[in-house]
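Reader: I have a chain open and would like to talk it through with you. Could you take my questions one by one?

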Amino acid sequence: MPKWATSFGAQVIYGLIIGLILGFVAAGMADGNALAATLDWVGSTYVKLLKLLIPPLVFTAVVTSIANLRQVTNAARLAVQTLVWFAITALFSVVIGIVVGLVIKPGANSSVDASTAAEPTTTGSWMGFLDSVVPANILGLGAKVTESGASVNFNVLQILVVSLLLGIAAVRVGKAAEPFIAFSESLLKVVQEVLWWVIRLAPIGTAALIGNAAASYGWDALGSLGKFVLAIYIGLALVIFVLYPAVLAAHKIPVVEFFKRVWPVTTLGFVTRSSMGVMPVTQRTTEESMGVPREYASFAIPLGATTKMDGCASIYPAIAALFVAQFYGVPLSFSDYLLIVIVSVLGSAATAGTTGATVMLTLTLSTLGLPLAGVGLLLAVDPIIDMGRTAVNVTGQSVVATVVAKRERILDESRW
């Protein structure tokens, strides 16, 4: 059997195929069947295992990278270049979204039921972003109490801020902080080893997640919103198969080889619908497969997982805003399109503390003065399009990290 047939990427593909088969089998069975319940449990458990490792991975990786960046003379330049390329790819992505929305006109003559319009419970705001940056505690943890019980969650942006502060402080303290830095490096290696164990379960997790998606969502939800879903996926396809290859080719990075290596990240993003859940895999792949130095990847990938969202913060809000405007018959001027671009390029950071494409959409609609109730029109197909959005998000994060590393001549090109 050829080596490619048993490679990790091939195993993920097998998982996708098996998952689709199991999902459609489960969809054809009676409600509450054991197969659907099993797929749901296995898939959610896999995502939980990935998310479990995010706080210690971000903390130890960032502290260690700050310490190691003492040996890098262009650390500040790396940070600026990362943010600049986040903005450049976001700019082109939102322009693609606007063009697709104007050509396909998903909201014109739509048969979607107007009674489904409803304002969302959560909205995005610039003050919300500023508030989310300030850590609530040293661990970046938060608790939420509901009628069903209490749950603890973490804010990756806050963990990133805390880690940066402690890492910088450790460097300034000097010799006295060496045991702390050594402990962080040791713990990072342990976390990465456990992470690899979890990553090896990706084919099983992929099968369960895509199977659960097929069983839960099917294609019934498309109905009258099929044109909107088509527009979203055309926009996402143009970003991932045209924009990203163009950026890679411009920097003389092998396009086909890059996509072969990033494939596990892209597929996991598609099935998990969580940039945070895939972040450990994105970071490991970017370091080991792309040749991006760990010192830089441990900064760029966590930052990208919270603020680099070409799918959720560029393509989706652009096309969705045009859908709402077309549905309600609200004409948009050139200045409105310019506002969409500005909000998309800058606004992804405003969703970092309260992740979700819906939050980004509300920020865009409120800026344009469009009815927030239009968000409710699109909720029926959100799970279906969220898979594509997340796949683009995580792929773009790896693209930018690799491109910046190449531009700054720190990419290990022997890996290629």
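Reader: To start with a detail, is D386 buried or exposed?

Author: D386 is buried, with a relative accessible area of 10%, where buried means under 20% relative accessible area, exposed over 50% and partly exposed in between (1.4 Å probe, protein chains only). Please keep in mind that this is a predicted model, in which local features need pLDDT of at least 70 and side-chain atom pairs count only at pLDDT 80 or more, whereas totals for chains, interfaces and linings use all residues. Residues are numbered from 1 along each chain as its sequence is written, and side-chain values use heavy atoms, with hydrogens and water left out.

Reader: Which residue does D386 form a salt bridge with?

Author: The partner is R389, and the closest N and O atoms of the two are 2.8 Å apart; a salt bridge here is a side-chain nitrogen of Lys or Arg within 4 Å of a carboxyl oxygen of Asp or Glu. R389 counts as buried too, at 1% relative accessibility.

Reader: How many salt bridges does the structure hold?

Author: There are six salt bridges, including one between K308 and D310, with the closest N and O atoms 2.8 Å apart. K308 is buried at a relative accessible area of 1%, and D310 also counts as buried at 1%. Another of them joins the side chains of R415 and D412 (3.3 Å, N to O), where R415 is partly exposed at 38% and D412 is partly exposed at 30%.

Reader: Changing topic, which residues form the nonpolar patch on the surface?

Author: The patch consists of I13, Y14, I17, I18, I21, L22, V25, M29 and W263, which together have about 770 Å² of accessible area. Patches are made of residues with over 30% relative accessible area and no salt bridge, like charges being joined within 9 Å and nonpolar side chains (Val, Leu, Ile, Met, Phe, Trp, Tyr) within 5 Å. Helix α1 (residues 8-27) supplies the largest share, seven residues. Y14 is placed in that helix and is partly exposed, with a relative accessible area of 39%.

Reader: And T267, what does it touch?

Author: Leaving aside residues up to four places away in sequence, T267 touches V12 and L16, contact meaning heavy atoms within 4.5 Å. T267 is found in helix α10 (residues 255-272) and counts as buried at 4% relative accessibility. A polar atom of its side chain lies 3.1 Å from the backbone oxygen of P264.

Reader: What about the inside, how many residues has the largest nonpolar core?

Author: The largest core has 95 residues, and those with the most contacts inside it are F228, Y244, Y296, Y316, I340 and L378. Apart from it lies another core of six residues, among them M309, A313, M360 and L363. A nonpolar core is a set of buried Ala, Val, Leu, Ile, Met, Phe, Trp, Tyr and Cys residues joined through side-chain atoms within 4.5 Å.

Reader: Finally, what does the secondary structure of the chain come to?

Author: It comes to 17 helices and two strands, and of the 416 residues of the chain, 52% count as buried.

Notes: Areas by Shrake-Rupley, 256 points an atom, 1.4 Å probe, with all protein chains shown as cover. Helix = DSSP H or I, 4+ residues; strand = E, 2+ residues; numbered from the N terminus. Polar contact = N/O pair within 3.5 Å; in protein donor to acceptor, adjacent residues only side chain to side chain.
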